Amino acid sequence: MSGAAKRKHLQQRRKKPILNDAVQYNQPETATENKRGKFLFKLLFRTTVILALIGCTASIISLQSSIAERKAELEALRSQTEAYEAENKDLERILNSGDVDTYMEKLAREDYDYAYEDEYRFYDTSRN
């Protein structure tokens, strides 16, 4: 076949109607329906992407606030640990000095309001 015959044959093939009903059924009837479908798809896709970004941003903000709370809690626990260690050092110093009886008496009188059996204690209740 020559070049002109091939071109003529291809032009005739293009003009043949589509015989497959399934293919014609799935094709949009007009260009406006095709544009509307593309517009709706783009709109749905953009909306989905925006919602996903908003969700990710909210999740990141929530995690950051949780991390900040945990850091504050950790700092409070560290300061509490330091206070307990200082108290333990003080108690070890008292135990190592051999002055445990004086410490126990002071603790009983001041913190637990104990007194000797022949001792009288008077409290000023007018300040209450």
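Me: Which helix does F41 lie in?
Reply: F41 lies in helix α3; helices (H or I, at least four residues) and strands (E, at least two) are DSSP runs, numbered from the N terminus. The model is predicted, with local features needing pLDDT of at least 70, side-chain atom pairs counting only at pLDDT 80 or more, and totals for chains, interfaces and linings using all residues. Residues are numbered from 1 along each chain as its sequence is written, and side-chain values use heavy atoms, with hydrogens and water left out.

Me: Is F41 buried or exposed?
Reply: F41 counts as exposed because its relative accessibility is 58%. The classes are buried (under 20% relative accessible area), exposed (over 50%) and partly exposed (in between), with a 1.4 Å probe and protein chains only.

Me: How many aromatic pairs does a search of the whole structure find?
Reply: The search finds two aromatic pairs. The rings of F41 and F45 form a stacked pair, because their centres are 6.4 Å apart and their planes stand at 20 degrees. Rings of Phe, Tyr and Trp (its six-membered ring) pair if their centres lie within 6.5 Å; planes under 30 degrees apart count as stacked, over 60 as edge-to-face and the rest as tilted.

Me: What separates F41 and F45 along helix α3?
Reply: About one helical turn, because F41 and F45 are four residues apart in helix α3. F45 counts as exposed, at 51% relative accessibility.

Me: And how are Y112 and Y114 arranged?
Reply: Y112 and Y114 form a tilted aromatic pair, 6.3 Å centre to centre with 40 degrees between the planes. Y112 and Y114 are exposed.

Me: Which residues form the nonpolar patch on the surface?
Reply: F41, F45, V49 and L53 form that patch, and together they have about 430 Å² of accessible area. Patch residues have over 30% relative accessible area and no salt bridge; like charges are joined within 9 Å, nonpolar side chains (Val, Leu, Ile, Met, Phe, Trp, Tyr) within 5 Å. A salt bridge is a side-chain nitrogen of Lys or Arg within 4 Å of a carboxyl oxygen of Asp or Glu.

Me: Changing topic, where is I94, and what is it in contact with?
Reply: I94 is in helix α3, residues 31-97, and is buried at a relative accessible area of 11%. Neighbours within four places in sequence aside, I94 is in contact (heavy atoms within 4.5 Å) with D99, V100 and Y103.

Me: What is the secondary structure of the protein?
Reply: The protein has four helices and zero strands. Of its 128 residues, 2% count as buried.

Definitions and conventions. Accessible areas come from the Shrake-Rupley method with a 1.4 Å probe; for residues, only the protein chains shown count as cover.
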